[in-house]
Structure formats: structure tokens, C-alpha cells
Amino acid sequence: MVFLCLAESHRRLGKATGPWRQSNLTQLLPLFAPIGTTVLRDAIFPRCLGLRQGAADGQEDEMKVLFINPEFPDTYWSFRHALPFEGKRCAFPPLGLLTVSALLPKSWERRLVDMNVRRLKDSDIEWADMVFATAMLVQKDSLREVVKRCKQRGKRVVLGGPYVTTTIEELPEADHIFLGEAETTLPQFVEDLERGEAKRSYKAAERPPLSITPIADFHLAELKHYSAMSIQYSRGCPFSCEFCDIIEIYGRVPRTKSNQQVLAELDALRKLGWRGTVFIVDDNFIGNKKNVRQLLPDLTRWQEEHGNPFSLLTEASVNLADDEELLGNMRDAGFRRVFLGIETPVEESLKEAQKPQNRGNLLESVKRIQSYGMEVMAGFIVGFDNDPEDIFEKQINFIRESAIPLAMVGLLNALPDTQLWKRLEREGRLLGEASGNNTVCTFNFVTRMDPARLIAGYQSIMRTIYSPAEYYRRALDSMKRTQQSNSEPQHYDLLNSIASLLRIAIRLGVLDRERREFWRFLANTATRHHRRLAESLRLAAMGYHFRKLSELYGAN
Ligand code: B12
Ligand code: SF4
């Protein structure tokens, strides 16, 4: 097996280009230009450019800005237990902060500390005049700590992102808070700062068009530590699922970037030497189907012209399965994985969740998407009022039959401002703010089913679906269903590949008590899918991450 991998690695090495060539196990974690950043920034924010360098409330020194992404806990998407196999530290870069950076005057000095990549040192904070931090709900504890440390050192602290936008809790003692998207409010802030009149809170009157979103400052991130890069094509989703906060934060009218903007972002990543997985982080990539249809041919052309440097991953609603032309176009453009919000196979619960787009034959929908060569990843929820007593078995069976290796199963949580939140409030069932991590065993509302039973059932799902035999069977079935005539582009770096392979072989094939299942799985892929060994190793590593998570959250 080792020889096969190395031989394949040698054969393809000649094709790899760029200083950041990813290992052949880049594919392990796919989840792993400018039409002028400058032009756009200069045109939109002329006053920013007129700013005296570093002016803050009348100060005239050069402004030094530190961007901080607080630490994530161990969740589905952290891939924390799989990343070390590939020699990576974090799955995705903090695109929100990189975008905010691109919105600030270009004369300002800037640095990024992603605490999921490296420790935040006191000297980092001392270097800065001003600190910009972002957070999701799950990062709130780390964010509080960050704000405390920065304020102790007398720094001006600016906060934004989904946590501060949606929380009902008291926010940390920051100087400035940005609610919602910052494309129009940040330039206003910079102007106010120049005049010494910066306000405590900023909120845009309207959701901005994405045509004014500049190319993110990707160069601030240390690309080599990430498993994938991210770009964004659209914001918002046309559906109205009861539990979803996306539509409250980003709206129900999907806004998209132009084709030129998207290609310019891909160019920027390519020029920085990135090769491998690019996550299009849309809430629902097919939210605006008309525009997506126009984007895909351009995307396909761009990939072909540049030797298919990127393998694409995105999130979409299940009705993607109803549009075979779109599926074909996505396959041609290089989409290899798609995350779906399946939630539940129970009709009544889907009705309760106001998710009509998922009703019908869900299993057939998944199979159809897989038949276009895309691995389906998906989110599942237990805890709906209408969940029957056997919901746990139903979910396990569905996940098994749909051959979804990476299934994110969580307990229903009510996020602030959602329709679900409002309903539970009306019904007097709310218990407080959610942790934001749907994989921990807590509820923030009074459930219909006995909570102890729900938690035990949830844990049994996790233990079952991530037991090695079950998981590897799904992974094999998924590979069988996702055949593509053109194999996934690989960008090998021989030394990294060998190192990754050895790490996996030692951890899963020698030290792990389930090593037999690992070797059986590899033997199966070697005989049935020998051209997809890198992918099978990625799946094995991911299976290990989920098994660790299930031990954490799925223990009795
Ligand atoms: C990509 C993504 C991820 C990625 C990468 C995240 C990262 N490294 O930043 C991954 C896959 C790791 C991820 C994981 C999770 N995610 Co997530 N994710 C997203 C997604 C789809 C896109 C984020 C993004 O890059 N947007 C693009 C940028 C440009 O937009 P933005 O971040 O909103 O930034 C803009 C503004 O908010 C503002 N802004 C943002 N930060 C700041 C900071 C300052 C100082 C200022 C001034 C402005 C500002 O300016 C930007 C430009 O307008 C969002 C949904 C969404 N539409 O944003 C969910 C979302 C942020 N994720 C969410 C959740 C719940 C999770 C998970 C908990 C899921 C789970 N159970 O595992 C995990 C937790 C993280 C972890 N690693 O464990 C929720 C957060 C809800 C909340 N209220 O906190 C969201 C909103 C989606 C949802 N409703 O489910 N996620
Ligand atoms: S389809 Fe997804 S993004 Fe759209 S409203 Fe439903 S849960 Fe939210």
C-alpha cells in the first residue's frame, strides 16, 4: 500500500506547482486579482486614503492593527483529531477577519493571530494600537479572555462577527461593536475615528451588496498551517427553516458576487501558491440559482485554464438534487464535496422545522448528488417536538443507507432571534442562551421528549455511526457511489506525503485498538478504488476525528 502511494506520488509530483504545494494527503481534509482589491478599496473609501496614517481619535501615529480569531472548542468542524495527520493546525482561515482587513485603509499595518494556529502572545497585543476580534457563539469564552487581556494593556478593542451580532448576553467590555456585515459600516468607523468621534456601536441600515466586498487579505494568514482555503460567493438563503439564524443574520434574499469577483479571489489564492481544497463558504451555494448557473461555466473554464488547481467544497440545500443540469455543471467545475442540511428523515419533524425543501425521497436525493461524483456530508438534528420514540434508530438507518461518512449529528438548539427562539419564548420553554456547539449534550429549552432519553439516544447515534466498522462501511459505499471519470487533482509534496502516511499508518494501523478495521478498509480501497488511496486515507483520518468526538460527547 505504501508503495502504491509513493509510486502515485512520484508520478504526479511533476505536475505540482507553487511553493505551497499541498501533500497528497491534502485531500485528507478538504473540509477539508484583483479586480482590484486596491481599486475597489480606493474607489469606495477615498476618505480612508485621505486619513493621516494611524489617526485614532486624533492620534497621528501610524495605526497598527492586530486581528485575532479566538480559539474554537472541539467540534464537528474543528477536525482537531484529524489535522495532525496532515501536519496542519487548523481547517479553515478566518475569512471574516481577512475581509475586514481588506476594508481598512491600506496604509495601516496589520497582523493576524489565529489562536487555532498559534498562541496569542502578550507581545502581539503590545505591538498593536487597535485590536479587531471576531467570534461565533462557540468562541465566546476565548473571546472574553482576549478582550480582557487587550483591555488590561490599554488597547482599543473592536468586535464583530456572528456572536456579537446575535447574542443576548452582555458583551465583553470592548470599545466598538459591529453588528452584522461591515462593508459599509467600517469605512464610516474609519472616518469617525479620524474625527475623534468613533461610536460604541455600528449597524448597517441595509445589507450591503457583495459587489463592494473586496478580495480578502489572504496573505495575512499563514497558508501552510491550514487544510483548506475559503472564499465566499453568496450570503443569505431563500428558505425559512425555523431553527436557522442565517436568514436572520444574512437575510432571505441571497446576494452574490460577480463571476469576475469570484475568479479574482481564486486568482489571488493561486498566486499565493495555494493548491488543493477551497471551501466556498456560502450558507446555500444554490440560493440564487440563476446567478450560479452563470457562474459555473466560467468557473469550469478558469479551472481548466489553470490546470484544475482547486477541488471545491460547499454547502447547499437538498433541492440541489432536483437539478441535474446544475449538478453536472458543479461536477465539471471541480466540486468534490457538498454539505447538506438534511436534519431528519421524519416528515413531521421536517414540517415542524419549516423545511419543505427536504420533504420527498431524501435518500434518492442524496444518491443522485453522489452519482455526480460529489461526496455528501450532512447535518442531522434530534430534539424536534415531533421526533418519534424511535428517532435514534431512524437517524442511524438513514445515515447508514445514505452512505454519508461525515455526518454531523447534533441536538436541537434555539439560537437567538430565530423563529424557533421566538416560538419557544412564546410557549414559555426557553431556558437561556445556547452554547452554540450543537454537539455538546445540553438544551436551552424544555424538550418534549425526556431530556435524559434524548441525550442517551443522541449518544447512541454517535457511538454507532462512528464505530470503525460502521464508519468504514459508509466510507467505502460513498466511494463506490461517487465515481468520477476524472480523478481529484492531487498536489503532492513527497516528504509531506510520506510523513502523513506514516502518521496515519502508525496511529491507526499500529497503535489503535481498531487497527484491524483500518487495514481491512485500506485493503478494500486498494482493490476496489486503487486510484483513490489519498481520499481513503483522508476518510480514515476523519473517521478517527469523529470517533474521538463521539468518545467525548457520546460517552454514557
Ligand atoms: C465558514 C464557516 C465555518 C468554517 C470556518 C470558520 C472560520 N475559521 O472562520 C468552519 C467550517 C470551521 C465553521 C465551523 C463552525 N461553525 Co461556522 N460558519 C461558516 C460560515 C458558513 C461562513 C463564515 C465566513 O467565513 N463568512 C464570510 C465572512 C466574510 O463573513 P462574516 O464572517 O460574517 O464576516 C463579516 C461580518 O460578520 C463582519 N465581521 C466578522 N467578524 C468581524 C470582526 C470585526 C472586528 C468587525 C468589525 C466585523 C466583523 O464583517 C465581515 C464582512 O461583512 C458561517 C455562515 C456565514 N454566512 O457567515 C457559519 C457560522 C458562522 N458557523 C456557525 C456555527 C454554529 C459553527 C459551528 C459551531 C458548527 C459546529 N457545530 O461544528 C462550528 C464551530 C467552529 C469550529 N471550528 O469548531 C454559525 C454561528 C452561529 C453564531 N451565532 O455564532 C454560522 C453563522 C452558521 C450557522 N448559522 O450555522 N464555520
Ligand atoms: S436551507 Fe439551510 S441556510 Fe437556508 S434557511 Fe434552511 S437551514 Fe438556513
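## Ligand shells and helix pairs

Me: How many residues surround ligand 1?

Reply: This is a predicted model, and its residues around ligand 1 include some that come closest: Thr 75, Leu 137, Asp 245, Tyr 250 and Asp 283. Altogether, the number of residues surrounding ligand 1 is 41.

Me: Which residue has a side-chain N or O atom 2.5 Å from an oxygen atom of ligand 1?

Reply: Let's go through some polar neighbours of ligand 1. A polar backbone atom of Leu 137 is 2.7 Å from a ligand oxygen, and a polar side-chain atom of Glu 183 also lies 2.7 Å from an oxygen of ligand 1. The 2.5 Å distance to a side-chain N or O atom belongs to Tyr 250.

Me: Which element gives the largest share of the shell around ligand 1?

Reply: The elements giving two or more residues to that shell are α5 (95–103), β3 (130–134), β4 (156–160), α8 (162–166) and α10 (246–250). One of them supplies five residues, the largest share, and that is α5.

Me: How many residues in the shell around ligand 1 are charged?

Reply: Sort the shell by class and you get 24 nonpolar residues and twelve polar ones. What's left is the charged group, and its count is five.

Me: What about ligand 2: how many of the residues around it are nonpolar?

Reply: Around ligand 2 you'll find Cys 237, Phe 239, Cys 241, Cys 244, Ile 247, Lys 355 and Gln 357. One residue of this shell is polar and one is charged. The nonpolar count is five.

Me: How many charged residues are in the contact of α20 with α22?

Reply: From α20 come Leu 501, Ile 504, Arg 507 and Leu 508, and from α22 come Leu 537, Ala 540, Ala 541, Tyr 544 and Arg 547. Seven of the contact residues are nonpolar and none is polar. The charged ones number two.

Me: How many residues in the contact of α15 with α16 are nonpolar?

Reply: On the α15 side there are Leu 362, Leu 363, Val 366 and Gln 370, and they meet Phe 398, Glu 401 and Ser 402 in α16. Two of the contact residues are polar and one is charged. The nonpolar ones come to four.

Me: How many residues in the contact of α16 with α19 are charged?

Reply: The axes of α16 and helix α19 (residues 468–481) come within 8 Å and cross at roughly 40°. Ile 399, Arg 400, Glu 401 and Ser 402 of α16 make the contact with Glu 470, Arg 473, Arg 474 and Arg 481 of α19. One contact residue is nonpolar and one is polar, while the charged count is six.

Methods. Residues numbered from 1 in each chain as written. Chains lettered and ligands numbered in written order. Predicted model: local features only at pLDDT ≥ 70, side-chain atom pairs only at ≥ 80, totals over all residues. Heavy atoms only, no water. Near = heavy atom within 4 Å. Polar contact = N/O pair within 3.5 Å; in protein donor to acceptor, adjacent residues only side chain to side chain. Helix = DSSP H or I, 4+ residues; strand = E, 2+ residues; numbered from the N terminus. Nonpolar A, V, L, I, M, F, W, Y, C, P; charged D, E, K, R; others polar. Contact = heavy atoms within 4.5 Å. Axes fitted to C-alpha atoms, helices over the stretch in contact; angles between N-to-C directions.
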